[in-house]
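Subject: Handing over a structure

Hello,

Here is the structure we talked about. Please open it first, then read my notes below.

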Amino acid sequence: MDDAVFVLSAWGVTAAAIALYALRVLGRGRRLSRRVPEERRRWM
Amino acid sequence: VTTTLAPPSSRAATANHTGSPVTRVLGLTVAVGLVLLVPLGLWWSPADQTQGDAVRIMYVHVPSAVTAYLAFGVTALGSAMYLWRKSPFWDLLAGASAEIGVVFTALTLVTGMLWGRPTWGTYWEWDPRLTTTALLLVLFLGYLAVRSTSGERRVRARRAAVAGLAAFVDVPLVHYSVEWWRSLHQGPTITRLDPTIDGLMLFTLMTGIVVFTGLYAWLLVHRFRVQHLEEELAERGLAEAITERRREAEVDA
């Protein structure tokens, strides 16, 4: 593959950023859910 | 408030997370799509005649850009609706979408730079498309900064709504910059009525756009719920502080 460093870097950065952001959002949701009463956890 | 709380007895309301049956199905579908996109983009689709394999960056760069446009479009819609209806739902939706848009705009810039080096010979040029995209990132970082300021919730939401609408003005500038000004960036390829792109390349690109759109929807639901939880906690903290202050005042009296 030509320019493999650039191609794989672009895909790698994208995968890593999306995975990190998704894990951050899910983790924050788990932490906050425990602190909010059950009846007020969901809005949609 | 135009939305309703889920009944306390529902299964979703008792879980210690922001997931639900719908987000689980959507998340699984997106995961399958992402797994399919990797061999499509990296091996099965052909190399470009002039760019070679560097064209494979397009399958993450363009979907990231489209997702960022979509996210900021939802922010603008949420902002306009908040100013009209004054419902916290629209404010939360606008904020959740803007944060996701910032992530995908940053990815658009980084993948674009990695694409620019092998094709243009440089990571960065102060080209109209690149400059307006960088400006878009700065504008929505500013929007998120407005949202994070302290103060009365309704005032903050109104300021954020105005900032969100103002920042969105840059989106059409980004999109049409390659047509309105002389640009190093290539012009539109798939929005033309007669796309000149190879069939399998177009299929891979469209798959990427559909999968990233699904990913955006999944992230949006989770981020919205997290933001709702943050608001609930902030209101609870305020109520507890007021109660504590009243108790102190009674003791003093």
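A word on classes before the notes: Ala, Val, Leu, Ile, Met, Phe, Trp, Tyr, Cys and Pro count as nonpolar, Asp, Glu, Lys and Arg as charged, and the others, Gly among them, as polar. By those classes, the lining of the second largest pocket has ten charged, five polar and five nonpolar residues. Bear in mind that this is a predicted model.

The pocket

The second largest pocket holds about 430 Å³ of space. Its lining counts 20 residues. Nearest the centre are B:Arg147, B:Arg153, B:Arg156, B:Glu231 and B:Ala234. Four helices of chain B each give two or more residues to this lining: α4 (88-120), α5 (128-147), α6 (153-168) and α8 (199-252). The largest share, seven residues, comes from α8(B).

Salt bridges

Over all chains, the structure holds ten salt bridges. Side chains of opposite charge can pair when their charged atoms come close.

Start with B:Asp91 and B:Arg147. Their side chains meet in a salt bridge, 2.9 Å from N to O. B:Asp91 sits in helix α4 of chain B and B:Arg147 in helix α5, so the pair links distant parts of the chain, 56 residues apart. Are these two residues buried or exposed? B:Asp91 has a relative accessible area of 6%, and B:Arg147 has 14%. Buried means under 20%, so B:Asp91 counts as buried and so does B:Arg147.

Next, B:Arg156 forms a salt bridge with B:Glu231, with the closest N and O atoms 3.3 Å apart. This pair also links distant parts of the chain. B:Arg156 lies in helix α6 of chain B and B:Glu231 in helix α8 of chain B, 75 residues apart. Both B:Arg156 and B:Glu231 are buried. Elsewhere, salt bridges that share partners join A:Arg24, A:Arg28, B:Glu99, B:Arg223 and B:Glu230 into one network.

B:Glu152 and B:Arg154 meet in a salt bridge too, at 3.6 Å from N to O. Here B:Glu152 is partly exposed, at 43% relative accessibility. B:Arg154 is exposed, at 57%.

The nonpolar patch

A nonpolar surface patch covers about 750 Å². It is made by A:Met1, B:Leu36, B:Val38, B:Trp43, B:Trp44, B:Leu200 and B:Phe203. In chain B, α2 (21-44) and α8 each give two or more residues. The most, four residues, come from α2(B). B:Leu200 lies in helix α8 of chain B. B:Leu200 is partly exposed, with a relative accessible area of 33%.

Best wishes

How values were computed. Residues are numbered from 1 along each chain as its sequence is written. Chains are lettered from A and ligands numbered from 1 in the order in which they are written. This is a predicted model: local features need pLDDT of at least 70, side-chain atom pairs count only at pLDDT 80 or more; totals for chains, interfaces and linings use all residues. Side-chain values use heavy atoms; hydrogens and water are left out. On a 1 Å grid over the protein atoms alone, a cavity is a set of points where a 1.4 Å probe fits but cannot get out, and a pocket is an open set with protein on both sides within 12 Å along at least five of seven lines; lining residues have an atom within 4 Å of a point. Grid points are joined across faces, edges and corners, and a volume is the space filled by probe spheres set on the points. Patches are made of residues with over 30% relative accessible area and no salt bridge: like charges are joined within 9 Å, nonpolar side chains (Val, Leu, Ile, Met, Phe, Trp, Tyr) within 5 Å. Accessible areas come from the Shrake-Rupley method with a 1.4 Å probe; for residues, only the protein chains shown count as cover. A salt bridge is a side-chain nitrogen of Lys or Arg within 4 Å of a carboxyl oxygen of Asp or Glu. Buried means under 20% relative accessible area, exposed over 50%, partly exposed in between (1.4 Å probe, protein chains only).
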